[in-house]
Amino acid sequence: VAAVEKDYGQIDVLANCVGIQIEQPITEVTEEAFDQVYTSNLKSAMFLAQAVAKRQIPRKSGRQIHLLSVRAQLGLRDRGYSAYCATKGGLVMLIKQHAMELARHNITVNGVAPTFVYTEMIRHVMENPEFRKGLEARIPLGRIASPKDVVGPVLFFASPSASFVTGQIMYVDGGITARQ
């Protein structure tokens with residue numbers, strides 16, 4: 001945070017998009033894997049947000065936006081997502097708590113929670129026609145999100161248009177959370 005501030009000036013907007021997943025069924029989850037997912041997905045969000053807040057509070061303005069997942073609200077059947085779902089769900093409450101603590105400083109804190117977004121990171125599963133077909137069938141809009149689908153909500157939360165919005169999670173999921 002200090003290096004970014006030094007190179008680019010004050011930090012008006014934090015867009016935290018860090019996250020990992022280590023898939024392990026409940027009977028095989030290792031403490032090391034759980035800790036790694038927790039550290040990346042939740043602990044880093046806490047302390048990155050804290051470092052940025054310390055710089056935004058004196059200015060009495062700022063935006064903090066965290067990227068989560070629909071897995072903050074929905075489990076995934078027959079898959080080993082314990083650590084991932086737990087940390088993304090925890091991030092929902094971290095956002096709400098930070099929104100309450102930072103509101104008096106005119107700092108908003110919100111989250112964007114997409115479903116699968118077609119990126120290099122998930123290309124290997126999207127190239128499986130059976131998996132892709134099943135996923136698209138579960139999403140009411142019938143397609144996988146693109147990175148462009150996620151950018152708009154992030155820009156909204158960063159903009160003056162969202163100055164009265166804090167503690168909210170926007171699900172960018174083609175309707176999947178509405179149907180489940």
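How many nonpolar, polar and charged residues does the lining of the largest pocket have, by class?

Author: The lining of the largest pocket has 22 nonpolar, 6 polar and 4 charged residues. Here Ala, Val, Leu, Ile, Met, Phe, Trp, Tyr, Cys and Pro count as nonpolar, Asp, Glu, Lys and Arg as charged, and the others, Gly among them, as polar.

Some ground rules come before the details. This is a predicted model, in which local features need pLDDT of at least 70 and side-chain atom pairs count only at pLDDT 80 or more, while totals for chains, interfaces and linings use all residues. Residues are numbered from 1 along each chain as its sequence is written, and side-chain values use heavy atoms, with hydrogens and water left out.

On a 1 Å grid over the protein atoms alone, a pocket is an open set of points with protein on both sides within 12 Å along at least five of seven lines; a cavity is a set where a 1.4 Å probe fits but cannot get out, and lining residues have an atom within 4 Å of a point. Grid points are joined across faces, edges and corners, and a volume is the space filled by probe spheres set on the points.

The largest pocket holds about 940 Å³ of space. It is lined by 32 residues, and those closest to its centre are Tyr 84, Val 117, Thr 119, Met 121 and Ile 122. Two or more lining residues come from each of α3, α4 (123-126) and α6 (147-158). Helices such as these are DSSP runs (H or I, at least four residues), and strands are runs of E (at least two), numbered from the N terminus. The element that gives the most to this lining is α6, with 5 residues.

The second largest pocket has about 180 Å³ of space. Its lining includes Met 46, Lys 54, His 98 and Glu 101. Both α2 and α3 supply at least two residues of that lining, and α2 gives the most, with 5. By class, the lining of the second largest pocket has 5 nonpolar, 3 polar and 2 charged residues.

There is also 1 cavity of 30 Å³ or more. The largest cavity has a volume of about 40 Å³, and its lining residues include Ile 22, Phe 34, Val 37 and Gly 80. Here too α2 gives the most, with 3 residues. This cavity's lining has 6 nonpolar, 2 polar and no charged residues.
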